[in-house]
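User: I am new to reading protein models and would like to go through this one by way of its charged side chains. Could you take me through it step by step?

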Amino acid sequence: MNQSDAVSAALGYELIVVAFASHRKPLRVRAPLSPHRVSVLFSSAFLRPAAMMEFWLISAPGEKTCQQTWDKMMVATMRNNILSTNHKFNIPDLKVGTLDVLVGLSDELAKLDSFVESVVRKVAQYMANVLEDSRDKVQENLLANGVDLVTYITRFQWDMAKYPIKQSLKNISEIISKQVTQIDNDLKTRASAYNNLKGNLQNLERKNVGSLLTRSLADIVKKEDFVLDSEYLITLLVVVPKTGYADWERTYETLAEMVVPRSTRKIFEDQESGLFTVTLFRKAVDDFRHKARENKFTVRDFQYNEEEMKADKDEMTRLSTDKKKQFVSIFLSIKLSLCLTVSVLFCQQGPLVRWLKVNFSEAFIAWIHIKALRVFVESVLRYGLPVNFQAMLLQPNKKTMKKLREVLYDLYKHLDSSAAAIIDASMDIPGLNLNQQEYYPYVYYKIDCNLLDFK
């Protein structure tokens, strides 16, 4: 019995199919509940809108056949309501090894699971940070083996090339650990280089914004604002509060000796203050600074130097270009005819984004293989030998998660009597560090594909 047959058996009624056309009233069609219709209609029309990005990977011992285990679970989760979208989770015949090895490996895999998940989330979040304004498209770049994450998980197939099943379970876990550790180390190196680049650019950008007391003046002043190449005269730049404009005009000529009369001019203004020029003799600069400060006028420490200003602008352009190279979008206008021109966006991804895409896929694939290993090891430890269990992937309906947990408990409570009352209460057992909320009579591991934390 497959998923469609199970739904038919559990529900046993006809569906009213409503078809919509853009220019017609809804067309109501009464259709028999065939297995094919159930599979298509329920998966697309009913299951997907309520589905989450959270999956429950469970296993239960085989009945006479593993198919019977699957059928029972299908009927139970769809008897009164569709509690979850279910998929068989294919785990190959792995090498069992000894009981001692399995017990030790169970603990190691739990730690490795947490580590690999943390790397997956770090790579995903860093992708979001790098793309910045394109965050709405981040999810499109988070693929596993070229497909979206839900498709990869629900159609999971063991990668025999990367993780040969002829190897021992211990060796496979070590292969994954080494692979993901390398990704983590590479991410730290690349992230450090990119963050330095981004930080340097932000520092330069910060100099071009903010108060006139601190910001760069290179993009404000012009050559004609200054008396240049004079042995005796110099032009100063003074920041004057808006409320002090009148005081400045009245007093600037008397703040020190040898100030050139009528030499001041306002060249820029922001919300709080204005930037004024004033020309005086060089030997009077120190006295003028002192008197200006007493009158709440601030003389900026600035010398007009075209070469230095050009170097600063070139540095900002270089840093900005280097940053954009990590993710570049190019617009091209293509003229299709005399009256029709189409703008096309070509996304040419830079080296950092390409690396993040490739290694996110690698890390995510490794993570799901770790989950498969954990299910296999725990199932053998719980259900014994010979290996006979059915691994199943459930995508819960958010509104019925509690009901689904109760249904699964009723279905499998005979497997472990010590798991009684596990759903509604947690027990504090001295000397046993066990979160009872996460222990069930069946093997259970959660896979949460909500990987991004947008702020």
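**Salt bridges and a surface patch**

Analyst: At 4% relative accessibility, K371 counts as buried, where buried means under 20% relative accessible area, exposed over 50%, and partly exposed in between, all with a 1.4 Å probe and protein chains only. This is a predicted model, in which local features need pLDDT of at least 70 and side-chain atom pairs count only at pLDDT 80 or more, while totals for chains, interfaces and linings use all residues. Residues are numbered from 1 along each chain as its sequence is written, and side-chain values use heavy atoms, with hydrogens and water left out.

User: How many salt bridges does the structure hold?

Analyst: A salt bridge is a side-chain nitrogen of Lys or Arg within 4 Å of a carboxyl oxygen of Asp or Glu. By that rule, the number of salt bridges in the structure is 14.

User: With which residue does D113 form a salt bridge?

Analyst: D113 is itself buried, at 3% relative accessibility. The closest N and O atoms of the pair are 2.9 Å apart, and the partner of D113 is K371. The two sit 258 residues apart, with D113 in helix α4 (residues 99-131) and K371 in helix α11 (residues 351-383); helices (H or I, at least four residues) and strands (E, at least two) are DSSP runs, numbered from the N terminus. A salt-bridge network links D113 and K371 with one further residue, R374.

User: Which strand does R121 reach through its salt bridge with D448?

Analyst: The closest N and O atoms of R121 and D448 are 3.9 Å apart.

User: Which residues make the nonpolar surface patch of about 300 Å²?

Analyst: Nonpolar patches join side chains (Val, Leu, Ile, Met, Phe, Trp, Tyr) within 5 Å, using residues with over 30% relative accessible area and no salt bridge. M258, in the loop between α8 (245-251) and β6, is partly exposed at 36% relative accessibility. The patch is made by Y232, M258 and F281.

Notes:
Patch = residues over 30% accessible without salt bridge, like charges linked within 9 Å, V, L, I, M, F, W, Y side chains within 5 Å. Areas by Shrake-Rupley, 256 points an atom, 1.4 Å probe, with all protein chains shown as cover.
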